[in-house]
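These are my notebook entries on one structure. I set down what I looked up, in the order in which I looked it up.

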Amino acid sequence: FADGTLFFDSRIRDRDVRGVVLVTQKDGRELTTIVAETLNKRETQVGDILLSIVVPVFLLSAATVALVMLSVSSGLQPLEALRDRLSRRSPVDLSPVGEPGLLAELQPLANEIDRLLERLDIALGAQRHFVSDAAHQLRTPIAALQAQVEAALQAPTAADLENILAAVRRLSRLVNQLLALARAEPGTQPLQQPVVLRE
């Protein structure tokens, strides 16, 4: 009652109430006024206030999440299209994947893929060339060896067997040279030990 006012909580007829006591002076007489009300209206107002805050926040959050998902999905669409194009390609299709209409963000990736495909095409071309050369180089000695074996089957002599052995040695040497050439192709393992060139 320092300022003549007192707020209180109480129960009246099994109902919670909030009240105020006001003490004033009027014409030399002390007047006391007591006012109380149930908490129903307060609780309803608190519920309304919370509802008016929570619902917009929830709707705003849901709209934000939906907008972010839509933005990410549409932003990744060109990357998804590039992935689909690459997945539909045949293993022998090494044509460039970059297109003039490609997004600027994806252009560096497409350029690197194109460079990789170009290097792969060169490597496969070298391999095809090597296999073609190897087949051509092996065909002649094998045909000569076959002819010598067929001639030796007619009337075998020591000279025929020596010719066959020499042909087999030439063929073995050619195969070893081709294998050494294949190992010397780019992309094989790097040299592990130093080499003394004088030797």
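I began with terms: helices (H or I, at least four residues) and strands (E, at least two) are DSSP runs, numbered from the N terminus. I count two strands as paired if DSSP finds at least two bridges between them.

**Entry: basis.** I note that this is a predicted model, in which local features need pLDDT of at least 70 and side-chain atom pairs count only at pLDDT 80 or more, while totals for chains, interfaces and linings use all residues. Residues are numbered from 1 along each chain as its sequence is written, and side-chain values use heavy atoms, with hydrogens and water left out.

**Entry: confidence.** I looked up pLDDT, the predictor's confidence in each residue, from 0 to 100. The protein chain has a mean of 82, and 94% of its residues reach 70 or more. Within the chain, strand 3 has the highest confidence, at 90, and helix 3 (residues 158-183) the lowest, at a mean of 78.

**Entry: strands 1 and 2.** I found that strand 1 (residues 5-12) pairs with strand 2 (residues 15-26) in the antiparallel sense, over eight bridges. Which residue of strand 2 is the bridge partner of Ile12? I recorded Arg15.

**Entry: strands 2 and 3.** I found strand 2 joined to strand 3 (residues 29-38) by ten bridges, again with the strands running antiparallel. Across this pairing, Thr33 in strand 3 stands opposite Leu22. Here too I noted a hairpin with two residues between the strands.

Entry: I next examined backbone angles in the loops. Arg13, in the loop between strand 1 and strand 2, has a phi near 55 degrees, a positive value in a residue other than glycine. Asp27 is placed in the loop between strand 2 and strand 3, and its phi is also positive, about 55 degrees, although Asp27 is not a glycine.

**Entry: salt bridges.** How many salt bridges does a search of the whole structure find? I recorded eight, a salt bridge being a side-chain nitrogen of Lys or Arg within 4 Å of a carboxyl oxygen of Asp or Glu.

I looked up several of them. The side chains of Arg11 and Asp16 meet at 2.6 Å, N to O; Asp16 is partly exposed, at a relative accessible area of 38%. Arg83 is bridged to Asp84, with the closest N and O atoms 3.0 Å apart. In that pair, Arg83 is partly exposed at 45% relative accessibility, and Asp84 is partly exposed at 28%.

In helix 2 (residues 107-154) I found Glu112 and Arg115, three residues apart, about one turn of the helix. Their salt bridge brings the closest N and O atoms to 2.3 Å. Glu112 is partly exposed, with a relative accessible area of 45%, and Arg115 is partly exposed at 42%. I also noted a network in which salt bridges that share partners join Glu37, Lys41 and Arg42.

How values were computed: Buried < 20%, exposed > 50% of the residue type's maximum accessible area, 1.4 Å probe, protein only.
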